[in-house]
Amino acid sequence: MPLDLYYWPALAGCRAVLLVGDALGIEFSLHLLDVLQREHLRQEFILINPMKTVPALKDGDIVIFESYAICTYLINRYAKDDFLYPKDPVRRVKVDQFLFFTNGPLSKNLMNCLDPRQPKSAFTQAYDSLSVINTQLGRAPYIAGYHITVADFVLAPILSAAEALLTDFDKQTNIVAWLQKCKTDIPGYKRLNEPGLEQFVALYNSKKKKDGQEAGDPNKLSVLSAEPRRRDTNNTQAPAPAPTPAQTTAPAQAPAPVSSPSQFEENKKL
């Protein structure tokens with residue numbers, strides 16, 4: 001039976017879940033919820049997920065509403081092995097620390113760059129967080145070591161957005177090289193990440209113009225969180241003021257999951 005996934009592809013966390021599910025060959029029953037139209041606040045969805053957030057996964061009687069929790073749950077329950085999320089505690093903690101760092105300081109500091117009320121130091125903090133990732137990727141080809149893990153899957157949607165929107169991102173040379181690897185090493189990257197990323201960038205630029213901000217602002221950065229959160233972190237129950245429909249791009253079509261390509265299987269042999 002397909003798993004029900006409630007999602008909006010413009011959000012990085014939703015794309016991370018799609019990528020993990022695709023790598024595992026999982027068939028999702030996709031339910032597209034346009035956050036800008038507040039479809040995640042409809043009563044029928046609140047009955048499923050009282051947190052009113054996307055992504056949300058319904059697997060039988062189980063409902064999970066945090067994107068990284070969904071990703072690790074899918075691997076723990078449906079993966080044939082522990083390649084993406086090691087069971088060994090020493091190897092797993094290397095993955096976990098970057099999952100937590102991504103969901104905490106990295107996302108928070110990148111998000112703050114969007115808020116005009118934040119001081120210029122917000123940009124310094126964002127680059128400091130990127131520097132942590134860049135330094136780690138100078139030590140190993142993937143964020144948690146010498147083969148790809150779920151930490152790479154959740155980082156890729158966020159950092160691909162940073163690459164598209166952040167000036168001087170190309171100075172993070174290790175991240176840039178890693179993103180190029182992700183485009184070939186993560187199954188479905190082009191199909192499942194890039195359409196939502198393009199939608200997200202278009203929404204950001206539209207909002208910049210609506211707010212009367214210069215589209216070429218050298219400090220431009222957008223909401224790079226996994227899902228909308230409360231209190232201006234990663235999970236707001238109500239999204240920021242939405243661009244008008246004429247300013248936004250149409251939501252991406254629900255992608256059709258496919259089984260993992262041979263490239264991913266070859267990486268597992270490394």
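Among contacts (heavy atoms within 4.5 Å) in the protein chain between residues at least 6 apart in sequence, 71% join residues at least 24 apart. This is a predicted model, where local features need pLDDT of at least 70, side-chain atom pairs count only at pLDDT 80 or more, and totals for chains, interfaces and linings use all residues. Residues are numbered from 1 along each chain as its sequence is written, and side-chain values use heavy atoms, with hydrogens and water left out.

The protein chain has nine helices and four strands, taken as DSSP runs (helices H or I, at least four residues; strands E, at least two) and numbered from the N terminus. Of its 270 residues, 50% count as buried, meaning under 20% relative accessible area with a 1.4 Å probe, protein chains only.

Now let's visit helix α4, which covers residues 89-112 and includes Thr102. The helix bends by about 40° at Thr102, with Pro105 following within four residues; the bend is the angle between axes fitted to the seven residues ending there and the seven starting there. Buried residues of α4, among them Phe98 and Thr102, pack against α3, α5 and α6. Thr102 counts as buried because its relative accessibility is 0%. Leaving aside neighbours within four places in sequence, Thr102 is in contact with Tyr68, Ser107, Leu155 and Ile158.

Here are two polar contacts (N or O atoms within 3.5 Å, one able to donate a hydrogen and the other to accept it; residues adjacent in sequence count only if both atoms are side-chain atoms):

| Side chain | Backbone atom | Distance |
|---|---|---|
| Thr102 | oxygen of Phe98 | 2.6 Å |
| Asp88 (oxygen) | nitrogen of Val90 | 3.2 Å |
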